[in-house]
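Okay, thanks everyone, let me put this one up on the screen. I'll keep it short.

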Amino acid sequence: FFFFFFFLMIRRPPRSTLSSSSAASDVYKRQVQILHEYDTCCFSPLTRHDQMLNYEANVRAELMAGDRSEAGHGWFTSTANEHHKHEVSAQDKTLIVAALKGRYSPGSQEWERLECDILHQPAPGGACAPNIEPGL
């Protein structure tokens, strides 16, 4: 039994893009999966980084397959941070902000360098905030 913790982020296209079928509206779809390396509740990517990266590659390949790549079906990335509880953490918020601010295109190497992501880069994932419990 696996439990995946998903944040689905879909931003609206610019107001100048009125057609819902336009390619410009599709490039604003992003999914970021955030996992906690030491989560004892449900699913921890600890010792499974290769499996998670393979999963991410499979989802990305599916999004870019055949006629989908030209239709702009968005982008998916898996991330992990050093948090240990099944709750929103400071690192989660940092990852979310980085993904929203970045406006990276599908396939951009910037997706592999999101702040606090230890799935694609060594811990602590750049200049990541300390492991602060939410609300403290």
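So, start with helix 4, where Gln 91, Asp 92, Leu 95, Ile 96, Ala 98 and Ala 99 are buried. Buried here means under 20% relative accessible area, exposed is over 50%, and partly exposed is in between, with a 1.4 Å probe and protein chains only. Those residues cover an arc of only 160 degrees around the axis, which puts them on the same side of helix 4; the arc is taken from the directions from the helix axis to the C-beta atoms. Helices are DSSP runs of H or I, at least four residues, and strands are E runs of at least two, numbered from the N terminus.

Quick caveats: this is a predicted model, so local features need pLDDT of at least 70, side-chain atom pairs count only at pLDDT 80 or more, and totals for chains, interfaces and linings use all residues. Residues are numbered from 1 along each chain as its sequence is written, and side-chain values use heavy atoms, with hydrogens and water left out.

Back to the helix. Just after helix 4, Arg 103 has a positive phi of about 50 degrees. Lys 93 also sits in helix 4, and that one is partly exposed at 48% relative accessible area.

Now, which cysteines form a disulfide? That's Cys 116 and Cys 128, with their sulfur atoms 1.9 Å apart; the cut-off for a disulfide is a pair of cysteine sulfurs within 2.5 Å. The link is right-handed, with 100 degrees about the S-S bond, and both Cys 116 and Cys 128 are buried.

Last one: Lys 93 and Cys 116 are 23 residues apart in sequence and 9.6 Å apart in space, C-alpha to C-alpha.
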